[in-house]
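This report looks at one helix, at a residue within that helix, and then at a packed pair of helices and the chain as a whole.

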Amino acid sequence: MIGVISGDIIKSQTIPKQQYDAMLYQLEQSLRNISGEQTLWNIYRGDAFQLQVNNPELLFKNAILVYLHLKSSGYELRQSLALGQIDNPRSDIKTATGSAFTLSGQGLDKIGNQRFVFNINEQQLDESLNLNLAFADVLLTKITQKQANALYVYLTSSDNSHAALAKELKTSRENVTKLLNLAHYQLIERFIKHTQHVIKNIIKGGE
């Protein structure tokens, strides 16, 4: 079982032509920053991407990190997350097949005004996860660029004490605390840990 994220940048067609390369660069950087042995990714149609997460417990965390990284640069993103099977693994995931890819793509087609949706194959999804995702969706949609950047750095730093983050962000400790509180960082962190626990149990239940 793997995780797949399909996403695209909202209203990318309104981005001026001269700023398009900057948008594409930020999307590539967002995906590269979380890529490694546990992820494969591909950009297509200019503003859309697909990300294969081989460690499915990291599915929601990766989606949130990509969202925050792009939002800190001024771009809004929507993502469809799915948990399922991979039938034909490929180094170029454009040609990979399986329920994880199908569910993720279908979810993006139906996503509407949400920023995050989640689908799973052939199992009853715990309603509490969908409800918590809806709350997280609202919180993340409302944060500002500076709050998104502070939260991204908090979630990715080995030392995420507010004093250490203040040095990295070149601001005061008080301002870091303010930005993180406005971003509801403790709730988002708890949500990420909750998703990891739920997915772990889903995988165990499917074995």
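In this predicted model, helix α5 (residues 145–156) comprises 12 residues and reaches 17 Å from its first C-alpha to its last, which is close to the 16 Å expected at 1.5 Å a residue. The buried residues of α5 are Gln-147, Ala-148, Ala-150, Leu-151, Tyr-152, Val-153, Tyr-154 and Leu-155. Gln-147, which has its place in α5, counts as buried because its relative accessibility is 9%, under the cut-off of 20%. Once its neighbours within four places in sequence are left aside, Gln-147 is in contact with Leu-179, Leu-182 and Ala-183.

Helix α6 (residues 162–169) and helix α7 (residues 173–182) pack at an angle of about 100°, their axes lying 8 Å apart, and the two are therefore roughly perpendicular to each other. The residues that make this contact are set out by helix below.

| Helix | Residues in the contact |
|---|---|
| α6 | His-162, Ala-163, Leu-165, Ala-166, Leu-169 |
| α7 | Arg-173, Val-176, Thr-177, Leu-180 |

By class, the residues of the contact of α6 with α7 divide into 6 nonpolar, 2 polar and 1 charged.

For the chain as a whole, the secondary structure comes to 8 helices and 5 strands, which follow the pattern β-α-β-β-α-β-α-β-α-α-α-α-α along the sequence. The radius of gyration of the chain is 17 Å, close to the 17 Å that the globule rule gives for 207 residues, so the chain is as compact as a globular protein of that length. Its C-alpha trace spans about 50 × 40 × 30 Å along the principal axes, and 45% of the 207 residues count as buried.

Technical notes: Residues numbered from 1 in each chain as written. Predicted model: local features only at pLDDT ≥ 70, side-chain atom pairs only at ≥ 80, totals over all residues. Heavy atoms only, no water. Axes fitted to C-alpha atoms, helices over the stretch in contact; angles between N-to-C directions. Helix = DSSP H or I, 4+ residues; strand = E, 2+ residues; numbered from the N terminus. Parallel < 35°, antiparallel > 145°, perpendicular 65-115°, else oblique. Contact = heavy atoms within 4.5 Å. Nonpolar A, V, L, I, M, F, W, Y, C, P; charged D, E, K, R; others polar. Expected span 1.5 Å × (residues − 1). Buried < 20%, exposed > 50% of the residue type's maximum accessible area, 1.4 Å probe, protein only. Rg over C-alpha atoms; globule rule 2.2 N^0.38 Å.
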